[in-house]
Structures are given as C-alpha cells and as structure tokens.
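Please look over the sequence and the model shown here before reading the report.

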Amino acid sequence: QKRWFGAAVVLVCHWFLQLSPCSSPPQRKVHVLLLSSWRSGSSFLGQVFSQHPSVFYLMEPAWHVWTRAERPRARLLRMAVRDCLWSLYQCDFSVMDAYLPENPRVSSLFMWTESQALCSPPACSITANNETQCLQKCDAAGLQTAEKACSSYSHVVIKETRLFELESLFPLLQDPTLDLRIIHLVRDPRAVLRSREESAAYLEFDDAVVLGQKKVDQVQYEVMKEICQSHIRISETAFLNPPSFLGGRYKLVRYEDVVRNPIKEASDLYDFVGLEMTEKVGEWIYRKTRGRRKGTWKDAFQIISRDATQVSEAWGTMLPHSKVSLIQEVCKEAMWLLGYRKVDSEKQQKTLDLDLLDPLDPHKNQRNT
Ligand SMILES: *[C@@H]1O[C@H](CO)[C@@H](O)[C@H](O)[C@H]1NC(C)=O
C-alpha cells in the first residue's frame with residue numbers, strides 16, 4: 001500500500017512538474033538587457049536594478065569595445081558588442097581580455113563601483129552601501145572574483161547604450177541557455193537634447209562612433225536623428241512583426257513615466273524580469289526620487305513627484321524654441337510613436353504645467369500601416 005502510494009506521488013509529481021514543481025528545481029538565471037541611449041535616465045534605472053540583492057549588475061561593457069577599436073564605428077562593432085554581452089551573461093569574463101589592459105583588475109571594468117554586486121559579498125567583504133569603501137576594499141586583481149560572484153546571482157543585468165537595433169540580439173534570444181529580457185528605455189528627445197548640450201564634450205567620442213566618423217555640421221541633431229531612428233526601428237521589430245522568440249521578452253518604458261511614478265514603474269519592471277520589490281530597494285528609490293520629503297515609500301505608488309518631474313521637463317524653459325522646433329522635426333516620427341506631444345510656439349513651450357505626455361501606446365504604428 002505504502003509503496004504504491006510512493007510511486008503514485010512520484011508519478012503525479014512528474015506529471016505536475018510542468019505546471020507546479022513538487023520539489024523546487026534550481027531557479028533558472030534571468031538575463032536582463034537595459035537598452036537605452038545617452039542622457040536618458042539609464043544610470044538611474046540601472047541603479048534600480050543594481051540595488052536589488054538578487055542582481056549582478058554591469059554598466060556599459062560595450063564602452064570597452066568602442067574605446068579599444070581603431071576608428072570605431074557603431075555599425076561595424078555591433079556584433080562585437082553583441083558577443084561581449086553574450087559571454088558576460090554566461091558570467092564568462094574572458095571576452096574582456098581583448099579590451100582590457102594586461103593583468104586586469106576589477107577596477108578595469110568601466111564604472112565598476114556602480115555595480116552593487118561588485119561592492120558586496122561574495123565579490124567583496126564590505127557590507128555597507130558605500131562607494132568610498134568599495135573603492136578602497138573591493139578592487140581585486142583579476143576578474144575571477146567577479147566571474148564567481150556573477151554565477152551566484154539569479155539575475156544578470158547589463159545596461160547598454162551602444163546598440164541601435166534588436167536584430168543582432170536574435171541569437172541570444174534563441175539561445176536555450178539564456179533567458180533574456182530586454183527593457184528599452186526612451187526619453188523625450190527634447191529633454192535628451194538639452195541634457196546632451198550640457199555634456200557635449202563628454203559625448204564627443206561616442207557621437208563620432210554613432211556617426212561612423214562622418215564629418216557633419218550639426219552633430220547634436222545628426223546623433224539625435226540616429227537615436228530617434230533606432231527607437232522606431234526597435235519598436236517596429238518588437239511590435240509590427242515580432243519573431244516568436246521575442247514574445248514576452250521586450251518591454252518599452254519611458255523615463256518620464258519612471259520619474260512620475262518611480263515605485264510603480266520599478267515594480268512593473270521587476271515583475272517583468274521576475275524580481276520582487278523589497279522594502280530596502282523601495283526605500284532607496286523613494287530617497288533618490290523624493291529627496292527629503294516626509295512619508296514612506298509605500299505612499300509613493302501613486303504620487304507624482306513635482307521635483308523630479310520639473311527636472312525632467314526643464315528643457316521647456318532652458319531651450320530656445322528654435323532648437324525645440326528643429327529637434328521636433330528631426331525626431332517627429334519617434335515622438336509621435338512614443339507619445340511625446342510637440343509644442344508649436346515659444347509661449348506654449350514655456351507653459352509650465354503643460355502636460356506633453358500621451359499615454360504610451362506602442363501598438364500605435366500597427367494601426368497606422
Ligand atoms: C563611507 O565610508 C567612509 C569611509 O569609511 C566614511 O568616511 C563615509 O562617511 C561613508 N559615507 C557614507 C555616505 O556613509
């Protein structure tokens with residue numbers, strides 16, 4: 001009787017395994033690509049992931065690919081960037097050999113202290129969330145510690161600004177050893193333009209790579225044209241005629257929505273990649289977006305933060321209307337697609353409380369073709 005029961009349990013368990021595992025099998029690793037462009041809030045959103053205790057985060061590894069190449073051009077390097085991501089997702093850091101100096105250290109990795117995982121156990125012994133301490137204590141020789149630490153997390157999240165299409169990622173999406181989710185972060189091109197003007201010198205190198213080393217007069221607008229076209233290209237791939245392996249693996253998010261509703265948007269993104277919102281992360285997000293205002297992060301689900309919203313909409317007062325007009329023309333189609341309403345006059349532009357955000361409707365282009 002007992003033996004029969006045991007066998008039946010095993011059988012039922014076996015049969016049920018597809019639906020609900022009787023014994024929990026080891027969790028499958030999830031790989032997240034936070035795909036964005038410069039000055040679009042991706043550092044903040046990257047931190048939202050980096051702060052999560054289940055996440056191994058890396059910031060912009062393709063920086064190494066671009067800066068290492070001679071006369072680098074974005075189009076030419078995209079497969080090298082793709083292969084770099086592919087290896088890093090498997091926690092194989094040997095791919096970096098080609099791009100790092102000899103005898104690399106953890107600190108050879110671009111913006112390494114942005115990765116909370118590289119500043120905490122098991123990669124490093126410190127437990128405080130403190131960059132100074134991380135710089136002092138966590139810079140090990142070699143990349144083996146980083147590799148080993150990477151393997152111990154359930155999620156590997158990589159933020160990347162140096163990809164302009166999804167097609168090169170198709171092999172990763174089809175790789176049965178990966179479980180890739182793509183979060184595509186976009187921002188109002190007018191706000192991006194304003195932010196780019198503040199950091200023009202710092203962006204010079206990347207701009208030249210984006211433009212394929214072509215000499216042009218209006219660099220800012222030519223680069224913005226490329227970026228806006230990439231938004232259209234990517235959303236067409238994702239929404240117009242997506243390959244089946246992209247199903248459920250792509251999510252479009254606007255920076256403005258994140259700023260207005262940070263906890264809710266972060267929770268949605270966590271859901272999308274199978275992470276739970278924790279109190280500590282919730283409080284971190286709340287502190288970063290709400291300043292010293294009273295209240296707790298749980299109140300923050302539905303409140304619009306005027307502080308953060310105003311910063312994100314500062315282009316309205318800072319940019320002359322001539323520039324706004326020009327960028328609206330250059331990015332016309334992308335703005336329409338992403339729900340950024342245009343302004344038609346200087347007067348309208350300076351109206352502070354004007355809401356220029358339409359609800360995000362990524363399937364818009366389907367109905368128009
Ligand atoms: C980080 O650690 C340093 C050195 O231990 C300390 O002086 C500093 O106050 C800490 N910073 C924060 C924000 O806790």
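## Basis of the model

This is a predicted model, in which local features need pLDDT of at least 70, side-chain atom pairs count only at pLDDT 80 or more, and totals for chains, interfaces and linings use all residues. Residues are numbered from 1 along each chain as its sequence is written, and side-chain values use heavy atoms, with hydrogens and water left out.

## The sheet

An open sheet with parallel pairing is formed by 5 strands in the order β2-β3-β1-β4-β5; strands (E, at least two residues) and helices (H or I, at least four) are DSSP runs, numbered from the N terminus, and two strands pair if DSSP finds at least two bridges between them. Because β2 (55-59) and β5 (250-254) stand at the edges with a single partner strand each, one side of each is left without a neighbour in the sheet. Neighbouring strands are turned by 20 degrees against each other on average, direction ignored, where axes are lines fitted to C-alpha atoms, for helices over the stretch in contact, and angles run from 0 to 180 degrees between N-to-C directions.

The parallel pairing of β2 with β3 (residues 155-160) runs over 5 bridges, and V157 in β3 is the bridge partner of Y57.

## Helices on the sheet

Helix α4 (residues 74-89) packs on the sheet and touches β1 (30-35), β2, β3 and β4 (180-186), contact meaning heavy atoms within 4.5 Å. The direction of α4 makes about 160 degrees with that of β3.

## A helix pair

Helices α2 (residues 42-50) and α13 (residues 279-290) pack at an angle of about 155 degrees, with their axes 10 Å apart. The contact involves F44, Q47 and V48 of α2, together with V281, W284, I285, K288 and T289 of α13.
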